[in-house]
Amino acid sequence: MGVLFDWKLVFSQIPDILRYLPTTVELTLVATFIGYAIGLLLALVKIHRVPVLRQLAAFFISIIRGTPILVQLYITYYGIPLTLKYINLIHGTNYNINSIPPVIFAIIALGLNQSAFDSEIIRAAIQSVDNGQLEAARALGMTGGQVLRRVILPQAVTVALPSLGNSLIGLIKGTSLAFTVAVIDMTAQGRILAGRNFRYFEAYCSLAIIYWVITIALEKLFKYLEKRFSVPEEAPAAEKKVAGLIRAFRASRNAAPRDGLKLPEPEENV
Amino acid sequence: MSYIEIRGLKKRFGDNVVLDGIDLDIEKGEVVAVIGPSGTGKSTLLRSLNLLETPEAGTFKIGGETYQLTTKKSAEKRALRQQTEMVFQQFNLFRNRNVLENVMEGLTTVKKLPKDEAGRRALTQLEKVDMLDRLHHYPRHLSGGQQQRVAIARALAMEPKLLLMDEPTSALDPELVGEVLVTIRKAAQEGNTCLLVTHEMNFVKSVASRIVFLENGKIVAQGTPREIFDNPQNERLKQFLNKINMLESMEYVI
Ligand SMILES: Nc1ncnc2c1ncn2[C@@H]1O[C@H](COP(=O)(O)OP(=O)(O)O)[C@@H](O)[C@H]1O
Ligand SMILES: [Mg+2]
């Protein structure tokens, strides 16, 4: 053994660990997508009080919240092959259990876990959009889907962004458990490197730095998105998108001025 | 045969019968004001016509089509809703959209107009409500009066056959009521058919072509402003007008 703490190694092995950043990113992105999609469904089931489904959703969320993510990973890892075996046995099919890449287990477990937590965030955000706007949208003749896409979701996203950001950061850190189901992500790679030179402490220090930097970057990203999506503090002077439209309209007005361009002042005391 | 015919409209909440068989005819270009005590079903009447409530019975003839107000089919509901537009007490503008976008929203999303055409129509309406200088403001940047004017433009841009307005000035500070009433008067003068709930009795007097007095789920009296205010025949109507200090006939002067 050389030095007690090889701080140079902490930094020099970072590129070697980062080779597995794509795996971590893939895990995170797909699990996030699953989390949002199923989370939205769960939220809608809860909001609309769909019978039966509502109880199932509550049961699912309760289980996910009430058990450690590590246990959920193992249950997926052992449970899915068991289920496939069972199906093979019953239906005489021949699904190959060993052909499932481990990353699938991690994605399913992490995605379902996210969906339970995100569903609450999404539900609260959706319900924060006041009913009056929904009535206005329906009165205009919008379909349910249009109300959701055009009115509810854009506003709910703004409300949910900070919490969804936290949830995503939690997920990135959660992916570090994927090694337990045989996925080689950054954490697994760190452990592999350490296994060769027994510099475990240095490996975890490298990992800590990487995750920390990623988290800070994500925090910044979400701050930016929040600002981007929320209604500005002050009214913007103009927008490029419709400038042409407005110019054309004003030009047509100047070309053919009509009376009634300006509203008459309230002439009487109504 | 009237332009608009409402027949047998019934709506209850639990045991509370709110609309007990409403029949109402409205001619094209008419401005009909609904008055009556609070909690008597004025809002429910308007909301039922737009299917924001689900009535138990009733038909609604408008623009040559007769609609069942009890329909469960969402396509039929949308078809009916596009015949009318609603102006709400609380404005209910889309908070994440600026003034221009608020007015364009129904045109592009529901009517599927191309953006240019929607923009032209929106600007035309916004000009009428005198909001052209606030196109990029969001609802939070506007006063209540300005928000309501935009809401009126949003409704009129859809070219409804009937404009429903439920206490459009009740949520406004007193000094902002005037500008909205001016806007409504203008919409009425331009020939928009309106069904309006309001407590602004002086406004009703000068703008409405007909007044409907609603009480306990029934139309108890109706007539021209003169018939209603100057020469009310119905006892209940007299009591109501007296309560809101709109009756100056001798028998109530102390
Ligand atoms: N969503 C609802 N659920 C139960 N009762 C309601 C609901 N909306 C209105 N009501 C009742 O219906 C009656 C009429 O209400 P409304 O139409 O708002 O009266 P108005 O507009 O004339 O003041 C009231 O008694 C009110 O309590
Ligand atoms: Mg009301």
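Where in chain B is the place of Glu167(B)? Glu167(B) sits in the loop between strand E7 (162-166) and helix H6 (174-189) of chain B, and the legends below come back to that spot. What you're looking at is a predicted model, where local features need pLDDT of at least 70, side-chain atom pairs count only at pLDDT 80 or more, and totals for chains, interfaces and linings use all residues. Residues are numbered from 1 along each chain as its sequence is written, chains are lettered from A and ligands numbered from 1 in the order in which they are written, and side-chain values use heavy atoms, with hydrogens and water left out.

**View 1. The shell around ligand 1 in chain B.** Ligand 1 has Phe13(B), Asn16(B), Val18(B), Pro37(B), Ser38(B), Gly39(B), Thr40(B), Gly41(B), Lys42(B), Ser43(B) and Thr44(B) around it (near means that a heavy atom of the residue lies within 4 Å). By class, that's three nonpolar, seven polar and one charged (Ala, Val, Leu, Ile, Met, Phe, Trp, Tyr, Cys and Pro count as nonpolar, Asp, Glu, Lys and Arg as charged, and the others, Gly among them, as polar).

View 2. A polar side-chain atom of Thr44(B) comes to 2.5 Å from an oxygen of ligand 1. For Asn16(B), a polar side-chain atom is 3.3 Å from a ligand oxygen, while Thr40(B) uses a backbone N or O atom, at 3.1 Å. Of the 560 Å² of accessible area that ligand 1 has on its own, the protein covers 59% (areas come from the Shrake-Rupley method with a 1.4 Å probe).

**View 3. The largest pocket, lined by both chains.** This one holds about 710 Å³ of space (the volume is the space filled by probe spheres set on the grid points, which are joined across faces, edges and corners). There are 25 lining residues, and the closest to the centre are Lys241(A), Asn96(B), Arg97(B), Glu101(B) and Tyr138(B) (on a 1 Å grid over the protein atoms alone, a pocket is an open set of points where a 1.4 Å probe fits, with protein on both sides within 12 Å along at least five of seven lines; lining residues have an atom within 4 Å of a point). Helices H8 (144-174), H10 (200-229) and H11 (240-255) of chain A and helix H3 (99-109) of chain B each supply at least two residues. H3(B) gives the most, five. The lining splits into ten nonpolar, five polar and ten charged residues.

**View 4. The second largest pocket.** Here the space is about 400 Å³. His48(A), Arg138(A), Gly144(A), Val147(A) and Ile152(A) are the closest to its centre among 19 lining residues. Nine of the lining residues are nonpolar, six polar and four charged.

View 5. Most residues other than glycine have a negative phi. Glu167(B) has a phi near 45°, and this residue counts as buried because its relative accessible area is 13% (buried is under 20%, exposed over 50%, partly exposed in between, with a 1.4 Å probe and protein chains only). Ala182(A), in the loop between H8 and helix H9 (186-197) of chain A, has a phi near 70°. At 44% relative accessibility, Ala182(A) is partly exposed.

Key. Polar contact = N/O pair within 3.5 Å; in protein donor to acceptor, adjacent residues only side chain to side chain. Helix = DSSP H or I, 4+ residues; strand = E, 2+ residues; numbered from the N terminus.
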